[in-house]
Amino acid sequence: MDSRKFTTFLVYQNYDNCYTDSQRVIIHVKDVNDEAPYFINRPLPMQAVVQLNAAPNTPVFTLQARDPDTDHNIHYFIVRDRTGGRFEVDERSGVVRTRGTDTFQLDMEYVLYVRAEDQNGRVDGHKYQSTPEERLSIVGGKRAPQFYMPSYEAEIPENQKKDSDIISVKAKSFADRDIRYTLKAQGQGAGTFNIGASNGIVKLAKELDFEDLRQPHVYSLIVTATEDSGGFSTTVSLTIRVTDVNDNAPKFELPDYQAHSVDEDIPLGTSILKVKATDADSGQNAELEYEVSDDHFSIDAAGVVSNNKQLDADNNNAYYEFTVTAKDKGEPAKTGTATVRVYTKNKNDEEPKFSQQVYTPNVDENAGPNTLVTTVVASDKDGDNVRFGFVGGGTTSGQFVIEEITGVIRLHGQSISLERDKYELNVTAMDDGSCCVDGDQTKHTSTAVVVVFITDVNDNKPVFKDCGTYYPKVEEGAPNSTPVIKVHATDDDKGVNGQVKYSIVQQPNQKGTKFMVNEETGEVLTNKVFDREGDDGKFVSVTVKATDQGDPSLEGVCSFTVEISDVNDNPPLFDRQKYVENVKQDASIGTNILRVSASDEDADNNGAIIYTLSAPVMQSDIEYFEIQPESGWIVLKKPLDRERYRLRVRASDKGIPPSFADVDVELDVVDRNNKPPIWEEGVYGPIRIKENVTVGTIVTAVRARCNMKETYKLEATATDKGYPPLTRTVEVQIEVVDRANNPPIWDHVQYGPVFIKENTAVGAKVISVKASSGIEGNPTVYYRLMPGSTAQTNKFHTFYLQQRADNGNTWADIKVNHPLDYESIKEYNLTIRVENNGAQQLASEATVHIQLEDVNDEIPLFTEREQELVLEGEPIGTRVTQINAIDKDGTYPNNQVYYYVVDSPRNLGKDFFEINMQTGEVFTRVVFDREKQGAYALEVEARDGAPSARPNSGGQPNSAWLRLQRLHDSIRPAPHSVH
């Protein structure tokens, strides 16, 4: 065993596949004595010296041997003695000693042959394992130093760095003296190397270049080792070989190689030219192999270039240019390149080739004579001219003709009737051999197929034939996606040109669309929940567009109005939350006591209100009063005999089912001779007190008087919220002064209807009303315009009241406070309350009904239009599109729209189009030619039907202009024209 004496293993054991365990096992390997011993003495051969007068047993040398086996037993022996028994060797230690007393002779060499044996190891069971015999030379007296090697050799690359170590040369001094080393070159190379005098290290003294002919590749050197103080010296040979480094790239003899007039049809493998490259390096660094960059060619080891594929003079401008590369076999390899050009000579060996094997042009179904169908293209790589025709000969096939030179295929010049869906033509292309000498001796022909598809022309726009009959309705409050109407447009074209898809055209100044349409079926659906009483109004305009699938596509539009039908979704609203009124005890039967007023934002019967009366507290109260169902006046029908009456009025609309609202009415009966007390102040306060004021502190003093000089004593109690609560009382005395008192009397209980224009200016007077105080000698009255709970009852103070005196009478002028709009609210019901200045102020009310009149204050608004197309060649009067504008005025003729072409020098399309004044349909006035002009801009005007009520209108109707930016004429062959 030479390396390891034991080996370690890991042993694993598995227990029922659940877990494992491991154990380390060390196995010792027993050595077998199978190795022979060997000498380790250095230098070789073995040399020693012996003193001339050396005494017996003087050691002169020690033999040293090694044995790899562990149980070796080395013994040393002298095998042959050429000294006459002058020396012996210790069998165990290997020490060689002198024998005898004779003097050793000067410079005489004594030679022993020695061997070492392993006496624990036998060969074939007989002989011991032993070293080979070694010669031990012993010289009497002195001897020269001995180098450790009999000769030295080194190999270095040519790029070895200067001053780098090459080899170490060592010698042994038998006199134990210091040794000095010197170096000398034999032949060339002096000064190339030097040696360390004391250490024997040889170094490179100057740069090497293997390719420099002045420098040898092998340096023969002599190293001399000399003992100090005039001792002996000895020499040894040192050979240094310089090896080549791959530091030179291959070089071609020429940078550019050319071969001219090479026939394109030469056989494969034909030699074309030869290239040559050299490499200044040596050995494998100079061995070259070639390769080319174009797979049409190959190159052999000698540099001969041959064609690897068939050449073609019709490509690459009749020559091939490629790169040839020479690569040496160095590591890493170096390369050199050169350019090769091979000029080929053309021959007529190619047939014409069509640009495509199948042509599939389309021709319109209404194409006329000489219409261009397509152009077939063929080329000949040889450069020949090509002639076209139909298979079977000739240049005519049915209704089609082909031009022999150009390959243009047209319809013939006679009457055309394209009744089939497609026509199949077989065309030929033939060369004329003009490319080269004797080229016309061999002509080539190829064929292609032309399949002419007859396509439908998109010359019909989608038309809504029933557009004028669309008057759909949809209920307000209907959920999103409620069906409204199903529109239908037809297109007389075929295929995709006749396939129609629907879309909604967004209205001007509108955020989002109020409707949506199924693009396939044309079913129009709501896209919001409408509120008739809100911003949506009673009518909503919608424009549906039908677009065919042609390219370019054509479109048609249909505009109609959707009526938002009323739903009884608004209950009546009273203008007050509660009615309180004083009634004289002696009021006569038939007297109008109080008018209640309610309004309903719904329309028609849903907004028509009927009033009914009930008595929720005492049923008998209803026996004294009745209410007028239409006006809401509560009328006395029986003399009063109690101090207070409690009634309830219900306002119900006429919807199905009806909606209703209730309001309480409180009537207090006042004795004519028993006037209520009159306070000195109508309002006391605000009175500010601290939260910690003591009980009993006077807060304020109030006084009232009575015309009858009666005195009332009251006791007021203040109680806090503590626990237990604390109270304090105070006495209040009221003196009543009697005075005659009657409620004010109106000239009219109801005023109107009063008709005013919707553009009545803010501040303008609408009506003047008047009431008397009802108190003799005291004509003072105060008017107040009561705000209701709806816009129609002045909730937003659309009107205001100004009180004025005139000849002893006090009038109330009703004036406009905010701009009016007929299209939003058409009528108002106002309640005016008047109070007198009696001891007890009594009041009464009157109503004013105001109706607005529509004026022409709305400007027509165009529906947005997209790109329009008209086919060139269409006859005069062809319908192009339909313009639509909406006027939001509420009545005719204010909302009637008429259409005109703007007569202005800047309107460049005015001479090419005309418009139907009633419908807005645009028609052509000329036959268009796309090659002359491809697009037109047209300005149209929409006017309403009455003089404008807007400022600075000069009595002219309201109008708006629309500029159609993109009226394109689409390609269509005109009859008897060639394009």
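1. In this predicted model, strand β53 (residues 609–614) is joined to β56 by 6 bridges, and the two strands run antiparallel. Within this pairing, I610 stands opposite S652 of β56.

2. Strand β56 also pairs with strand β57 (residues 660–670), again in the antiparallel sense, over 9 bridges. L647 is placed opposite V665 in β57. The two strands, β56 and β57, make up a hairpin with 6 residues between them.

3. How many of the 10 residues of strand β56 are buried? The count is 7 for this strand, which spans residues 644–653, so β56 is largely enclosed by the rest of the structure.

4. A network of salt bridges links K578, R644, R646, E666 and D668. For the model, the count of salt bridges comes to 39.

5. R341 and D256 meet through their side chains in a salt bridge, at 2.2 Å from N to O. Because R341 belongs to strand β30 (residues 335–345) and D256 to strand β23 (residues 256–263), this pair ties together parts that are 85 residues apart in sequence. D256 is partly exposed, its relative accessible area being 29%.

6. A salt bridge also forms between the side chains of K501 and E519 (4.0 Å, N to O). K501 is in strand β44 (residues 500–505), while E519 is in the loop between β45 (515–517) and β46 (523–526); the pair therefore ties together parts that are 18 residues apart in sequence. K501 counts as partly exposed at 31% relative accessibility, and E519 counts as partly exposed at 40%.

7. In the salt bridge between K638 and E623, the closest N and O atoms are 3.5 Å apart. K638 lies in the loop between β55 (633–636) and β56, and E623 in the loop between β53 and β54 (625–627), so parts that are 15 residues apart in sequence are tied together. K638 is partly exposed, at 32% relative accessibility; E623 is likewise partly exposed, with a relative accessible area of 43%.

8. Is S164 buried or exposed? S164 is found in the loop between β14 (152–157) and β15 (165–168), and with a relative accessible area of 17% S164 is buried. A polar atom of the S164 side chain lies 2.5 Å from the backbone oxygen of K161. Leaving aside residues up to four places away in sequence, S164 touches V202, K203 and L204.

9. On the surface, Y684, I687, I689 and V699 form a nonpolar patch, with about 350 Å² of accessible area together. Y684 is located in the loop between β58 (678–679) and β59 (704–705).

Key:
Residues numbered from 1 in each chain as written. Predicted model: local features only at pLDDT ≥ 70, side-chain atom pairs only at ≥ 80, totals over all residues. Heavy atoms only, no water. Helix = DSSP H or I, 4+ residues; strand = E, 2+ residues; numbered from the N terminus. Buried < 20%, exposed > 50% of the residue type's maximum accessible area, 1.4 Å probe, protein only. Polar contact = N/O pair within 3.5 Å; in protein donor to acceptor, adjacent residues only side chain to side chain. Contact = heavy atoms within 4.5 Å. Patch = residues over 30% accessible without salt bridge, like charges linked within 9 Å, V, L, I, M, F, W, Y side chains within 5 Å. Areas by Shrake-Rupley, 256 points an atom, 1.4 Å probe, with all protein chains shown as cover. Pairing = 2+ DSSP bridges.
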